Amino acid sequence: MLGVSAFRRVFLVMFGLTVLVLSARGQAGPLLRELIIRTDTARYALSRHTVLVQQEPHLYFYHRQNDETAELLLYPTVWQPARPPRLRRSADFVLLDSLTAVDSQYYRAKIRFRDLAAARFLQLTFTQASPDSVSGPPRTQTVPLLAVSRTTLALNAPDTELFVGEEKVFELRSNSPQNVRTTTDWTRGQDIDYRISQENGQLRLHVLPTALGPRVLTVRAQTERPFLVENGRRLSYALAPLRQDFMVKASRLRFLSADKKEVTLDDAARRRGVEIILDNGRSFELKRTYRLEDQEEPGGALMAELFTRQYLTNDRVLCWLRVYNTHRQTEGYLYLKENDQARAITNFTISPKTSISSVQVRHRGGDWSPSLAVNPGETVDVRLEGEALQKARLHFEDLTVIPSDSSVRTEAAVVYRVQVPVTIDKRRITIFNAGLPTGFALTVKEFQRPHPLDFVAVNFGEGPRVLNRLNGPVLYSRVISDVVFSFNPNGLDTDNQLYGKQFLTFDIRTQNSKGELLELRTLDNVVICPGDNSVRAAFYQDKLCQVGNLSLNNLLSARKTYDLDDWSTIIITVRHTPGQYQESGFTQKLELVLKRRLKFDIDVSFPGGLLTKYRGESSYTSFGGISLAMLGQLSFYHPEKINRLRPYKIGAGFVALNAFDLSKNGGNRDLGLVVLGSVYPTRREAKLTFPLYLGGGYLLSTRKPFFLLGPGIGVRL
């Protein structure tokens with residue numbers, strides 16, 4: 001028959017396993033039928049090797065190394081070759097081999113864990129596409145893991161002789177020193193008080209006897225990570241007690257215990273003194289001053305003076321203690337002397353007054369910096385260096401101290417992780433010690449980080465358009481009356497990201513169709529402040545903040561945008577001002593080209609060898625001589641190229657047929673009104689061209705219509 005507690009334990013295990021199996025939310029059944037973790041020494045199955053941790057079943061496995069490599073064997077509930085399960089990535093392990101199907105029965109994978117000794121909330125999460133529908137939600141199952149190890153602890157005590165009031169240090173041997181819990185506090189009320197410390201990876205046992213005779217020391221050590229006891233049914237942090245017999249002897253000089261274990265060396269303790277109570281008071285003479293030195297022989301350094309005032313009960317005496325030098329208990333005893341003769345020994349710490357010599361700040365992902373500037377909403381580490389900092393009671397005004405495993409606290413340095421409220425309304429955060437200012441303070445500085453230029457819009461006739469969405473030249477076929485830049489202050493700060501003021505520089509360049517510079521202007525330090533939606537809006541108020549839009553015509557002096565010729569180019573480069581940021585900013589280039597579809601011009605050309613046909617005649621005339629044509633022509637630009645003409649033109653004007661015929665009778669010279677279509681070469685560098693003409697017109701002398709076809713000579717100036 002099972003007892004009530006055993007039945008309850010079995011019920012909780014079965015209930016936890018049921019919850020673990022059905023952990024996939026809204027799913028009809030579990031994803032895995034079985035999960036096996038295989039190390040180099042054992043196999044651990046989900047169905048057999050589980051233990052309750054905080055009322056939740058965990059699959060446990062033993063490990064010997066922090067970077068243990070293990071093999072996973074997955075047995076899915078439903079075998080789906082088309083939709084195999086997947087193992088989600090995690091920072092706690094590295095997937096060495098992906099999940100591979102084996103004999104259509106299970107999947108195999110290999111993983112390597114990372115720092116198992118420090119890992120918390122270790123788990124494996126598997127997902128698989130829903131078998132019901134391709135578009136259905138995936139099935140998910142999370143298997144919590146518990147990495148356990150067998151930690152051993154042994155005491156190496158070659159010398160078992162102790163003296164009352166004398167601290168002695170022994171080595172402790174362990175196969176996992178980092179898993180043994182250390183403490184800075186001594187045990188109280190035992191025949192032999194002790195504490196465990198760690199130095200350079202070596203465990204040490206500090207013992208301090210308080211009673212004479214043979215004594216047994218019992219060390220009850222704790223582990224940082226739990227281990228299994230009772231055949232894997234229960235977790236425990238308590239290691240097996242260490243027992244060691246010691247012989248405690250009286251010291252040559254009587255040890256006097258003081259009620260204060262630490263005294264601060266300051267002006268008050270040096271001049272007026274500190275009240276202290278010592279044992280064995282009846283052996284003192286009242287109203288007498290005794291010296292406390294750091295050695296038994298005469299001539300030791302004066303650590304303090306002890307002035308006896310009044311006898312107390314229990315053989316104790318009330319004294320004034322005036323301290324002059326620093327001393328630590330670990331440095332040795334203090335010898336109470338009268339006339340250079342040691343009468344007794346005592347020991348306590350004389351620590352200097354807490355003082356701070358320097359303060360450094362480390363931002364997330366950065367290094368330690370002497371700059372004490374912090375930003376609203378930021379979490380930073382603050383390191384204070386000085387003396388006697390371990391006993392300091394430091395406080396940061398209006399800041400929250402976040403507990404951290406990486407915090408350091410020694411006599412020479414302390415590290416705090418603090419969070420600056422996003423709504424903080426102070427410019428200086430004073431650092432206090434025991435309610436008094438230390439003389440150091442953190443300065444609150446608004447964020448000043450470059451924001452992508454999506455808060456800048458430009459309007460050149462088609463409505464506002466976001467600047468960083470304009471890539472490449474923009475061809476605009478109408479007159480640009482003005483180029484106006486507008487800004488969206490509400491697009492800067494959000495609840496999760498603060499950027500602060502944006503300092504922009506505008507480089508403006510205008511050039512004609514030939515690429516020749518018309519005007520060059522630079523506008524520096526255009527300040528855009530976050531809008532009212534920012535929680536820091538009240539702290540961004542500045543008379544330099546840009547209000548309203550920015551007009552390009554107000555900056556141009558030579559030629560305004562509406563006065564630029566065809567195919568002129570406006571090049572505007574918007575960039576963050578480099579001197580205002582500690583990181584590189586963003587740059588966006590806007591290139592506006594005044595596109596045209598047609599071009600009208602007066603051309604003079606010299607058609608030669610024309611074939612003409614007059615009305616009423618049955619055939620073309622023979623090739624004529626060189627003629628002179630003056631035409632008003634329409635040219636057509638290529639729609640996808642910048643300032644490139646198509647190879648044809650259409651024009652109307654006058655043509656002097658055979659104008660250069662120098663024969664005596666004048667040949668067939670005549671003047672006519674014509675409409676001509678011509679084909680021109682499109683080379684830009686050509687000054688002399690040879691177009692082809694086709695068209696017709698009306699002769700003024702004979703008043704006949706005619707048609708003509710032939711080449712010509714064109715001159716481009």
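Author: Gladly, and a definition comes first: on a 1 Å grid over the protein atoms alone, a pocket is an open set of points where a 1.4 Å probe fits, with protein on both sides within 12 Å along at least five of seven lines, and lining residues have an atom within 4 Å of a point. A volume is the space filled by probe spheres set on the points, which are joined across faces, edges and corners. This is a predicted model, where local features need pLDDT of at least 70, side-chain atom pairs count only at pLDDT 80 or more, and totals for chains, interfaces and linings use all residues. Residues are numbered from 1 along each chain as its sequence is written, and side-chain values use heavy atoms, leaving out hydrogens and water.

Reader: How much space lies in the largest pocket?

Author: Its lining has 38 residues, and among the closest to the centre are Glu-167 and Trp-186. The space comes to about 1,500 Å³.

Reader: Which elements give two or more residues to that lining?

Author: Strands here are DSSP runs (E, at least two residues), numbered from the N terminus. Two of them qualify: β14 (192-199) and β15 (202-209).

Reader: In the open sheet of six strands, which are the edge strands?

Author: Strands pair if DSSP finds at least two bridges between them. The order is β21-β24-β23-β22-β25-β26, with antiparallel pairing. An edge strand pairs on one side only, which here picks out β21 (274-279) and β26 (341-346).

How values were computed: Helix = DSSP H or I, 4+ residues; strand = E, 2+ residues; numbered from the N terminus.
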